[in-house]
Amino acid sequence: MTTEPASLESLSVLYQSDDYIVVDKHWDIRIDSKMWYEKQTVQAQLQHRFPHLADPSTYYGFRFCHQLDFSTSGALCVALNKAAAGRAYRCFKDRTVTKAYLSLIRGWVEQERQTLDFSIGKNSTEGKTHMMCIEGTEGCENPKPCQTELTVLEYGLYDGDPVTKVLLQPLTGRTHQLRVHCGAIGHPIVGDYTYSLGADDSPYRMMLHAYLLQIPLDPQHLLVVAGDPFVPTVDPKWLPQRSLRTLAATVEALLEHRKAKEEEQREAGREKEGRKKSKKQRIQQESEEQSRVCQEWLSEWAGD
């Protein structure tokens, strides 16, 4: 990841198999577009790099398993066939996918770990219909529950202003969820031009990056990380001052927690299946006993 603008040739591939490609999406490029003038898209990059893998039966040639905002960079999964797309879609639908984002947010966040729990709806206010908002704000339509886990990694300065480097794990998948949640606690994402209403326009990009993507596919999970772009060697305006925890340790703990939760769910499923099986056996035994009693009664009746 660099501070240079995107180009057709600048596609960064993180993972490739017969079924999937995971790319490190650039920070100033759309995934796809129906606008004739929009030539720079991830779809166009894929067509340029992998013309032989494009599926002519689809509108864009490639099946994107999920979405990233125009100004968000990071891990983006692309399915190379219909069956692979279906398997990934079920994981996203069942909320078994693990995603974690890196971000620089304005100010120093005091609470090191917190769950952001704000329902989000569409903003119906004139001039803001392309935006989302939290429940209770003016013009907020059809708010739905959503949660984000926030973990502080580092405190520092960006271009002289206090900022906090955080890891964000969305537990739900609402539009602009991370951007709205960070703004709701008074710590908007650095460079978020849209939600600052154009005021935060000095950084070269919005500081939100899809760092980790884990899709529990069978028989093997797809796990990809897209390197950390928020380091001084990439952007010297970012000056870390105090580190609370390393990114590697934080991600490892996140994955371990997810693994433990999945095991709990599997155990609960086995217990439920065991109870169903036990109930079925009990009903069967009771049925057999009723049949035996009935046969005895019939025999006695016939004897009389």
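This is a predicted model: local features need pLDDT of at least 70, side-chain atom pairs count only at pLDDT 80 or more; totals for chains, interfaces and linings use all residues.

Student: Why is Tyr-60 called buried?

Tutor: Its relative accessible area is 19%, and the label applies under 20%, so Tyr-60 is buried.

Student: What makes Tyr-59 buried or exposed?

Tutor: Tyr-59 has a relative accessible area of 61%. The cut-off for exposed is over 50%, so Tyr-59 is exposed.

Student: How do you know what kind of pair the rings of Tyr-59 and Tyr-60 form?

Tutor: Two values are needed: a pair of aromatic rings is described by the distance of the centres and the angle of the planes. The structure holds 3 aromatic pairs. In the one formed by Tyr-59 and Tyr-60, the centres are 4.8 Å apart and the planes stand at 80 degrees. Rings pair if their centres lie within 6.5 Å, and planes over 60 degrees apart count as edge-to-face. Therefore this pair is edge-to-face.

Student: Why do the rings of Trp-108 and Tyr-155 get their label?

Tutor: Their centres are 6.5 Å apart and their planes are at 65 degrees. An angle over 60 degrees is what the label asks for, so this pair is edge-to-face too. The pair links distant parts of the chain, 47 residues apart: Trp-108 lies in the loop between β5 and β6, and Tyr-155 in strand β10.

Student: What makes Trp-108 partly exposed?

Tutor: Its relative accessibility is 43%, which falls between the 20% and 50% limits, so Trp-108 counts as partly exposed. Tyr-155, at 8%, counts as buried.

Student: How do you know that the charged end of Arg-30 sits over the ring of Phe-70?

Tutor: The distance from that charged end to the ring centre is 4.7 Å. The rule asks for CZ of Arg within 6 Å of the ring centre and within 35 degrees of the ring normal. The charged end of Arg-30 does sit over the ring of Phe-70.

Student: How do you know where the buried residues of helix α2 lie around its axis?

Tutor: The buried residues are Ala-84, Ala-85, Ala-88, Cys-91 and Phe-92. They cover an arc of only 125 degrees around the axis, which puts them on the same side of α2. On the other side, Lys-82, Tyr-89 and Lys-93 are exposed. What covers the buried residues includes β2, β3, β4, β5 and β12.

Student: What makes the reach of α2 close to the expected one?

Tutor: Helix α2 has 12 residues and reaches 16 Å from its first C-alpha to its last, and 16 Å is also what is expected at 1.5 Å a residue.

Student: Why is Glu-262 called buried?

Tutor: Glu-262 is at 14% relative accessibility. The limit is under 20%, so Glu-262 counts as buried. Glu-262 is found in helix α4 and touches Thr-96 and His-221, not counting residues up to four places away in sequence.

Student: And what makes Asn-142 stand out?

Tutor: Phi of Asn-142 is near 50 degrees, a positive value in a residue other than glycine. Asn-142 is found in strand β9.

How values were computed: Residues are numbered from 1 along each chain as its sequence is written. Side-chain values use heavy atoms; hydrogens and water are left out. Rings of Phe, Tyr and Trp (its six-membered ring) pair if their centres lie within 6.5 Å; planes under 30 degrees apart count as stacked, over 60 as edge-to-face and the rest as tilted. Buried means under 20% relative accessible area, exposed over 50%, partly exposed in between (1.4 Å probe, protein chains only). Helices (H or I, at least four residues) and strands (E, at least two) are DSSP runs, numbered from the N terminus. The expected span of a helix is 1.5 Å times one less than its number of residues. The arc is that of the directions from the helix axis to the C-beta atoms. Contact means heavy atoms within 4.5 Å.
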